[in-house]
Amino acid sequence: MPYDSNAPPQVTLCDDAAAAASALEALRRYSYIACDCEGLSLGEVGGSLSLVSLGGIPGLGGPTHIFLFDAPALGAAAFAPVLALLASPAHTKVLYDARMDWAELAHRHAARLAPVLDLQLADVQARAARGEGAQRQFARLAPFVPRGDTARDPAAFRDVHRLNGLAGAARDHGLPEGYKPKFDHTVWGRRPLSQGSLDYAAADIVLIAQLYGIFVAKGYIDEPRLLEQSARYMALNKDGLRGPRGGHSLLPLEILAAPPALEPTFPCGRCARALSAACFPRGRGPVGEQTVCWVCRAVAANAARREMTQRLYGDD
Ligand SMILES: [Zn+2]
């Protein structure tokens with residue numbers, strides 16, 4: 001195990017310019033920095049950023065010191081050097097699902113988050129390396145996609161993957177989970193932050209660093225490829241802040257592999273992304289549905305099923 005879980009890292013809240021400056025000096029020694037943002041509805045309309053959590057990842061092992069930057073307390077001037085580190089090409093940021101962090105920083109703070117290794121994508125790709133085939137892939141999709149659907153039309157779900165949350169990935173890779181009770185995210189809008197909130201933020205950084213250590217040790221990370229995939233993943237939100245409840249747990253298509261360069265692309269009638277023909281049931285099914293990508297079709301079918309269940313059984 002590359003991470004020594006017997007040595008809990010030191011955690012420092014940086015809520016004034018002096019603390020932030022000395023934290024950044026310590027962090028700049030690292031080429032790889034575990035990163036996570038906390039806030040209210042990050043990357044969504046009406047949200048706000050509370051903390052940027054950073055921990056330098058040594059060659060072997062987890063972070064020895066985690067710094068939590070309090071964005072509102074620091075104010076724009078003292079927070080700017082933190083944003084500069086997040087944009088610095090000399091420091092690779094390691095995140096787990098960077099999409100909303102990226103959107104929050106880009107659209108509300110005019111800041112760049114780059115370069116990024118997104119472990120959520122590495123987790124999906126590690127499944128094949130660990131010997132998971134189509135059967136396990138489809139089992140993961142259930143109940144979001146019913147087993148009957150994947151059995152009837154396996155080709156439609158060939159590139160449809162269920163995403164893991166950080167805790168799910170930890171479980172899959174043998175790390176202890178259950179480190180987090182159910183958490184009330186409205187705490188990120190309040191000050192002072194409780195010790196429990198700070199512990200929660202720091203625990204994510206520890207887990208990201210642990211997961212990264214495991215992925216590197218097992219050869220799951222092809223760094224140039226993952227950098228490119230991560231950039232594509234984060235750019236899903238390039239057009240602006242997302243509306244509330246816009247998310248789902250399926251990996252959008254053509255993130256792991258870009259659309260083939262010389263093939264034409266078509267806009268999906270729901271997500272509006274330009275995707276290659278393989279992403280659509282062209283020539284199959286009702287005409288109106290032929291221009292909706294496989295992932296959007298599965299999301300819509302799931303929403304319809306939930307609505308029906310609610311109608312039949314009431315809401316509980
Ligand atoms: Zn779509």
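Leaving out neighbours within four places in sequence, W102 is in contact with L113, M234 and N237. Two residues are in contact if their C-beta atoms, placed from the backbone, lie within 7 Å. W102 sits in helix α3, residues 99-109. Helices (H or I, at least four residues) and strands (E, at least two) are DSSP runs, numbered from the N terminus. W102 is buried, because 30 other C-beta atoms lie within 10 Å. The cut-offs are 20 or more such atoms within 10 Å of a residue's own C-beta for buried, 12 or fewer for exposed, and partly exposed in between.

This is a predicted model: local features need pLDDT of at least 70, side-chain atom pairs count only at pLDDT 80 or more, and totals for chains, interfaces and linings use all residues. Residues are numbered from 1 along each chain as its sequence is written.

Now take the whole chain. It has 10 helices and eight strands. Of its 316 residues, 40% count as buried. Its C-alpha atoms fill a box of roughly 60 × 45 × 40 Å, taken along the principal axes.

The largest nonpolar core has 67 residues. Such a core is a set of buried Ala, Val, Leu, Ile, Met, Phe, Trp, Tyr and Cys residues joined through C-beta atoms within 7 Å. Helix α8, residues 195-217, gives the most to this core, with 13 residues. A second, separate core has 18 residues, including F157 and C268.

L119 is among the residues with the most contacts inside the largest core. Not counting residues up to four places away in sequence, L119 touches V94, L95, Y96, I208, L211, Y212 and F215.
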